[in-house]
Amino acid sequence: MSKTVASVVCAALSAAILSGCPAKPAPDSGVPVIRDAAVERPSFEDDDFDVVEMDAAYEPDPLDPDVYTFPVLHEADAESVGDPDAGDSGVDPRSPVDRPIADEWPAVNAWSDEFEQEYTRFVAKLGEGVAARRCGRLDRCLRNPEYNTLYDVRTDRGLYLNVDCADLPYVLRAYFAFKRKLPFGYTFWVDGAPSRAGKDPRYMVGIVPGDVRNWWRHRTFRSLIRDMGSWVHSGMYRVSARREGGDFYTVAVNRQNVRPGTTFYDPNGHVLVVTSVEPDGSVFMMDGHPDGSLTSKRFGAAFVAGTYDLGGGFKNFRPVRLEGRQVTIARNADCPGWDAAQQYTRANFIVNGEAVGYSEYARSLLADPNAQQDPVHEVRAQITALCGDITDRVDAVNYAITNNLHQRSHPNELPSNIYGTDGDWETYSTPSRDARLKAAFRELAHTIQVTLRRDPSQLEAVRAAWREEVARPACQFQYTNSRATVVSLSFETVLDRLFALSFDPYHCPELRWGAAAGSPELATCPDNELKRIWYARELRLRNRIDREYGAPTPVTFGPDRPENVDPRQWLTNPPPADPPRDAGARR
């Protein structure tokens, strides 16, 4: 690699502190991960970006590892090629994922309503596996014929993928296109103006989508997934709802447009994939994490859409079609259900005559008109979702403990922004996860308050629902302390400690779970004075609920006292009832 190319790659990598998903090195192809905003900014007159010329026939870069000859394996070695569960992504030249893409992925089909419906069923079934905790990684889901509707033993038996949140929609779409021989391409760089976060590509403003890389530019399906995972990040979703181009477009929220396979982009830097839309309007989504794990999330107040300029909210892939040697991307007006205003017009966020937040408004739009709304069931559903979130936190903390982060010396400083960075902090810390947990408790408290305010007669039913749900085995948790002793925590214990839970992966397990100062539980923590000073200094950061990714987060970035988000306050002291309402109040 020339010094010039190497310097460009290094500069690009230094800028690529990628999404709520970690920064990843680019393939050694001489092309930077992100075009710096000050370098070669493209111009799209009148946002005209509907046709992308296909590149000339692909000539592999001699430095590309894809051109290396794969070893010839004997028949007896076939079963030992790669152990995905052990993290081995060994190559099998006989597998379709490692054979030439020209042979294994000819685009002999075209995207259609029928293929889109099949894609919806494919994602929905994978979501069932994740929600049931039967497959905690995408590759394990795809290797499981019970949850992969496209499973075939030749392709999937030894499949290994490591995806995070920004990769997940792209990998799902690419895998489906590969299996169904459909055209596929992806934007592999974006340009924009610096935000308060500087030139961090995840948070730039005025983003302009750059070049589209076509599937056949990669030698194999495996190399496409690997390279695409290096290029894409959450900034690819941060395209204004009004701009032409990019891989996604913003939709009007209704049951036809928001379906399994729809992407949700939170402008704070997080990307999820819809897996289910229930009759009452509840939405469940698949969430990818930096460690490659997948979890199921219930859509709620912890997720925001922002403004149309930031391109947040529910989005679908743009329709594409292959015409000769051109990949044609649909313009906004030709995208089914495109709407650049609905999700951002706060004046319309009215439910039952009351102004509400984005998530409650979206749910009202997604509810089946014939579905009965049961507020007590909603309380139960939110508690169930919280128990799942806490269980996911158990796994995340255990992952850091297993990798001995708590035994390392504490860094001299925290990342500039604790919610979005790279390296070990991005992989093992939990500030974003903990903030969403606090926001979910706040939402539950609000739901109970509103339910009892509207109908005080529901008090005993809500109290009973609380007692029954929090007592379920799925709402009891355990962690292993520093002396290898199992410590049990109830749902209400976690709630009591909510703002004491340490997000810092360098702390002992006891502090990660908020053990009180002076308690026998904390007495087993071996953390030195410096680590305990850091725990004390992080108090205001722990007290903060709402995340902000595009700005520095010093230790003063939060209140001295946390907000009261305890739902039990309304079970003990119910709110005053609303006065009778006009029959004409609209939904």
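**Entry 1: a hairpin**

Which residue takes a positive phi in the hairpin of β7 and β8? I found that Gly269 does, with phi near 110 degrees, in a hairpin that has three residues between the strands.

Before going on, I noted that this is a predicted model, in which local features need pLDDT of at least 70 and side-chain atom pairs count only at pLDDT 80 or more, while totals for chains, interfaces and linings use all residues. Residues are numbered from 1 along each chain as its sequence is written, and side-chain values use heavy atoms, with hydrogens and water left out.

I looked at β7, residues 263–266. Strands here are DSSP runs of E with at least two residues, helices are runs of H or I with at least four, and both are numbered from the N terminus. Thr263 and Tyr265 point one way from β7, Phe264 and Asp266 point the other way, and all are buried. Buried means under 20% relative accessible area, exposed over 50% and partly exposed in between, with a 1.4 Å probe and protein chains only. In a regular strand, side chains alternate between the two faces of the sheet.

Next I checked the pairing, which requires that DSSP finds at least two bridges between two strands. With β8 (residues 270–277), β7 pairs in the antiparallel sense over four bridges. With β11 (residues 313–317), β7 also pairs in the antiparallel sense, over three bridges. I followed Tyr265 to each side: its bridge partner is Val271 in β8 and Gly313 in β11.

**Entry 2: two helices**

How do the axes of α11 and α12 cross? I have α11 as residues 431–454 and α12 as residues 459–470; their axes come within 10 Å and cross at roughly 155 degrees. Axes are lines fitted to C-alpha atoms, for helices over the stretch in contact, and angles run from 0 to 180 degrees between N-to-C directions. That angle makes α11 roughly antiparallel to α12, a label for angles over 145 degrees.

The contact (heavy atoms within 4.5 Å) is made by Leu444, Ile448, Thr451 and Leu452 of α11 and by Leu459, Val462 and Trp466 of α12. I sorted these residues into six nonpolar, one polar and no charged. Nonpolar covers Ala, Val, Leu, Ile, Met, Phe, Trp, Tyr, Cys and Pro, charged covers Asp, Glu, Lys and Arg, and the others, Gly among them, are polar.

**Entry 3: Glu104 and Lys181**

I then turned to Glu104, which is found in helix α2 (residues 101–104). At 14% relative accessibility, Glu104 counts as buried. Leaving aside neighbours within four places in sequence, Glu104 is in contact with Pro96, Arg99, Phe178 and Lys181. Glu104 and Phe178 are 74 residues apart along the chain, yet their C-alpha atoms are separated by 8.0 Å.

I located Lys181 in the loop between α6 (167–180) and β2 (185–187), partly exposed at a relative accessible area of 23%.

**Entry 4: another positive phi**

Asn352 is not a glycine either, and has a positive phi of about 55 degrees. I placed Asn352 in the loop between β14 (350–351) and β15 (354–355), partly exposed with a relative accessible area of 31%. Most residues other than glycine have a negative phi.

**Entry 5: totals**

To finish, I wrote down 17 helices and 17 strands in the protein. Buried residues make up 55% of the 587 residues.

Notes
Angles under 35 degrees count as roughly parallel, over 145 as roughly antiparallel, 65 to 115 as roughly perpendicular and the rest as oblique.
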